[in-house]
Every structure is written in C-alpha cells, then in structure tokens.
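Welcome! Please take a moment to look over the sequence and the 3D structure below, and then let us walk through them together.

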Amino acid sequence: MNLFDKAMGFRFACKHFDPNKKISQNDLDFILNEARRSPSSFGLEPWHYLIIENQELRQKIRPACLNQSQVTDCSHFIILLSRKPHFFTAGSDYLKQSFARNYEDTDALNKALTMFDGFQKHHLKPDLENWAKMQVYLSGANMMTAAAYIGIDSCPIEGFDYNDLENLLSTQLANFNKDDYAVAFCIALGYRNYQQTPQIRYPLEQIVTYIK
Ligand SMILES: Cc1cc2nc3c(=O)[nH]c(=O)nc-3n(C[C@H](O)[C@H](O)[C@H](O)COP(=O)(O)O)c2cc1C
C-alpha cells in the first residue's frame, strides 16, 4: 500500500472526537499549507479559513450546526469561507493584485484582466458565489487528506443553517463581514475516540464509463 492509499484508507467522517487531544501547531500548519496549495480557477484562491479554537464561541456555533458534537469536541473547528462575487468583478483590487502575481508587464496584466472579465460575465454570472464555493470544497478535500496523511481525523460538516451560522459569526467576530465572505462548509479536525467505520462505496464498474 502506498502512502496516499494509506491516508485515503485512514480518513473517515469522524463523529466522535477525543475532547482532550489537541493538534500541535506544527501539524495544523502542515494541514493548512497543503490546503492552500489546492488548484483554483485562474489562481484566484477564493478561500479563507477561520480556525475556531475558542470554546465559548464553539458552544454558540453548535446549535447552528444541528447540535453536532464534533463542533465542540474536536481539536480545531474550521469554517471554510468563500469570497463574495464583488472580489471577482471588473475593477476589484483583489483581482488586480492576484493577477499581478503572474504578470510583470502592465499590458499583459490588463489583457488578462479583460479576458477574465469576459469569462466571468459570459460563463460564470450569475453564479459567482457558487463558483467560488466549489473551489473552497476542493481545498477542503485536500485539507482532510493532508490531515489523514499525518494521522489526524476529520469530519466535513455541511449540516448547518447558513443564515444562523453567518449571522452568529457577524455578531461575534469583528473580522467576519457577510458582504465579503460566505460560509462554504466546515471541517472538524482532531482525534477519534472510537473505531473507524467501514468505507461504503459503489464499485468502480458502477461509477466509471470508458468511451473508447
Ligand atoms: C459536503 C459534505 C458534508 C457533510 N456533512 C456532514 C455533517 O454535517 N455531519 C456529519 O456527521 N457528516 C457529514 N458528512 C460526512 C458524510 O456523511 C460521509 O463523508 C459519508 O457518509 C461517507 O462516509 P466516510 O466519509 O466515513 O467514508 C459530510 C460530507 C460531505 C462531503
């Protein structure tokens, strides 16, 4: 078995975390760094990760997440945010600054910005918000695989009320602004305190079609 296969076999949606076991900052940095290496459309990295360590806040978040115990019992509760559409529309500083990382020449930079503007107007609108969220999910998948690679458990969490969670974050956190960010989904990270459940999957023959 190679190491990737081992990590994929280790990962499962952990429902019960050991509340006394904490992830080291070194391990957390590894996981977050691997997540940020994920691919994104035009390299625009539409994600931001809120790492909720504060237990009082987690107690408040839990009811918005269908009262799931992972929210309070995991080591680090991560809320994956996606940038709102205004970051990706013509004239945005974020667009300019992001594209400028790839183009030294101003003409080439302006051409790329015009090309992206055409693309987003014709292909992405009116769904820029979902377009951004889909990419955040990619980085979340890598986050969970990276965690599994170093023996850390995770649970993806989409079982929450978007309005309740976003309203709570905007009242509790000075740096969360609903005009700039949306919650994509959450990931609980930590250590399991029960036996891994079996991975139930359809066989390849059922989900793959070769067109020759
Ligand atoms: C987008 C997404 C949202 C999920 N939301 C929840 C959740 O809110 N609570 C939970 O316990 N599991 C959640 N899961 C876990 C799935 O139920 C689980 O991945 C699936 O049943 C397969 O099991 P496994 O991951 O253990 O192999 C979610 C998974 C994904 C991908």
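We will start with the overall layout and then visit the core, a helix pair and the ligand.

This is a predicted model, in which local features need pLDDT of at least 70 and side-chain atom pairs count only at pLDDT 80 or more, while totals for chains, interfaces and linings use all residues. Residues are numbered from 1 along each chain as its sequence is written.

The protein has nine helices and four strands; these are DSSP runs numbered from the N terminus, with helices (H or I) of at least four residues and strands (E) of at least two. From the N terminus on, their order is α-α-β-α-α-β-α-α-α-β-α-β-α. The C-alpha trace spans about 55 × 55 × 30 Å along its principal axes. Of the 212 residues, 26% are buried, meaning that 20 or more other C-beta atoms, placed from the backbone, lie within 10 Å of a residue's own.

Now to the inside. The largest nonpolar core holds 34 residues; such a core is a set of buried Ala, Val, Leu, Ile, Met, Phe, Trp, Tyr and Cys residues joined through C-beta atoms within 7 Å. Those with the most contacts inside this core are L80, A147, C186, I187, A188 and L189. Elements giving two or more residues to the core are α2, β2 (76-83), α7, β3 and β4 (181-190). In soluble globular proteins, nonpolar side chains tend to be buried together.

A188 makes contacts (C-beta atoms, placed from the backbone, within 7 Å) beyond its neighbours within four places in sequence, including F17, V71, C155 and I157.

Next, look at helix α2 (residues 25-36) and helix α7 (residues 128-149). In contact here are F30, I31, E34, A35 and R36 of α2 with S139, N142, M143, A146 and A147 of α7. The residues of this contact divide into six nonpolar, two polar and two charged.

Finally, find the ligand. Around the ligand are F12, A13, K15, Q68, C155, P156, I157, E158, G159, F185, T197 and Q199, each with its C-beta atom, placed from the backbone, within 6 Å. Strand β3 (residues 153-157) gives the most to this shell, with three residues.

Technical notes:
Contact = placed C-beta atoms within 7 Å. Nonpolar A, V, L, I, M, F, W, Y, C, P; charged D, E, K, R; others polar. Buried ≥ 20, exposed ≤ 12 C-beta atoms within 10 Å, placed from the backbone.
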